[in-house]
Amino acid sequence: MTARKVVPSGGGVLNMVTPLSGQYLGLQRAEVTHGVRELTLCKDKDGKIGVRVKPVNNGIFACLVIDKSPAAPAGLRFGDQILQINGQTVAGYSMDKVHDLFRKSPVNGISVVVPDRPFKRTLTLHKDSAAKNGLLTDDHLLEVEGQNVVGLKDKEV
């Protein structure tokens, strides 16, 4: 079985045929899922994972992911909806109940399931060429170099 990977290159398209195997990391990153991804978190030396949540319409959302905390490199991002913690569905839970689940979790191997972000894009921009790099007028910047910028003024960003 083979997979075709399309990679933009200098305005054209380069097709590469690669064997489909569990050993090829590029295909593992591009693995098609059922719309969710599982993150594995751990606690820091103070027993914290570095995330605050907020319930919105019976869903639980990450309203703060502290930079350089265990949650950040694990892939949890501001605005991610948390569907499960250690196999327990958290829809309808209060903020305190979710934080309590995190507190009672083991130090390592905390399983957090979040939906994929199919429309998420990462762009590398230069100050004078945002439009040339694909930034649209209705796009919203959520992070710049891993830092949450929601609510900041343009000059602060």
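This is a predicted model: local features need pLDDT of at least 70, side-chain atom pairs count only at pLDDT 80 or more; totals for chains, interfaces and linings use all residues.
Residues are numbered from 1 along each chain as its sequence is written, and side-chain values use heavy atoms, with hydrogens and water left out.

**Cysteines**

Begin by selecting cysteine 42, which is partly exposed at a relative accessible area of 30%; here buried means under 20% relative accessible area, exposed means over 50%, and partly exposed lies in between, with a 1.4 Å probe and protein chains only. Cysteine 63 also counts as partly exposed, at 33% relative accessibility. The structure holds zero disulfides, a disulfide being a pair of cysteine sulfur atoms within 2.5 Å.

**Salt bridges**

Side chains of opposite charge can pair when their charged atoms come close. A salt bridge is counted when a side-chain nitrogen of Lys or Arg is within 4 Å of a carboxyl oxygen of Asp or Glu, and the whole structure has four of them.

Select arginine 37 and aspartate 80 next, whose closest N and O atoms are 3.4 Å apart in a salt bridge. Arginine 37 belongs to strand 3 (residues 36–41), while aspartate 80 sits in the loop between helix 2 (71–74) and strand 6 (81–82), so the pair ties together parts that are 43 residues apart in sequence. Helices (H or I, at least four residues) and strands (E, at least two) are DSSP runs, numbered from the N terminus. Of these two partners, arginine 37 is partly exposed at 22%, whereas aspartate 80 is buried at 2%.

Move on to aspartate 46 and lysine 45, which form a salt bridge with their closest N and O atoms 3.6 Å apart. Aspartate 46 counts as exposed at 54% relative accessibility, and lysine 45 is likewise exposed, at 79%.

Then show helix 3 (residues 95–104), where arginine 103 and aspartate 100 are three residues apart and are therefore separated by about one helical turn. Their side chains meet in a salt bridge of 4.0 Å, N to O, with arginine 103 exposed at 55% and aspartate 100 partly exposed at 28%.

**Histidine 99**

Staying in helix 3, select histidine 99, which is buried with a relative accessible area of 7%. Leaving aside residues up to four places away in sequence, histidine 99 touches Val51, Arg52 and Val53, where contact means heavy atoms within 4.5 Å.

**The second largest pocket**

Finally, select Gly47, Lys48, Ile49, Gly50 and Val51, which lie nearest the centre of the second largest pocket among its 14 lining residues. On a 1 Å grid over the protein atoms alone, where a 1.4 Å probe fits, a pocket is an open set of points with protein on both sides within 12 Å along at least five of seven lines, and lining residues have an atom within 4 Å of a point. This pocket holds about 270 Å³ of space, a volume being the space filled by probe spheres set on the points, which are joined across faces, edges and corners. Strand 4 (51–56) and helix 3 each supply at least two residues of the lining, and helix 3 gives the largest share, three residues.
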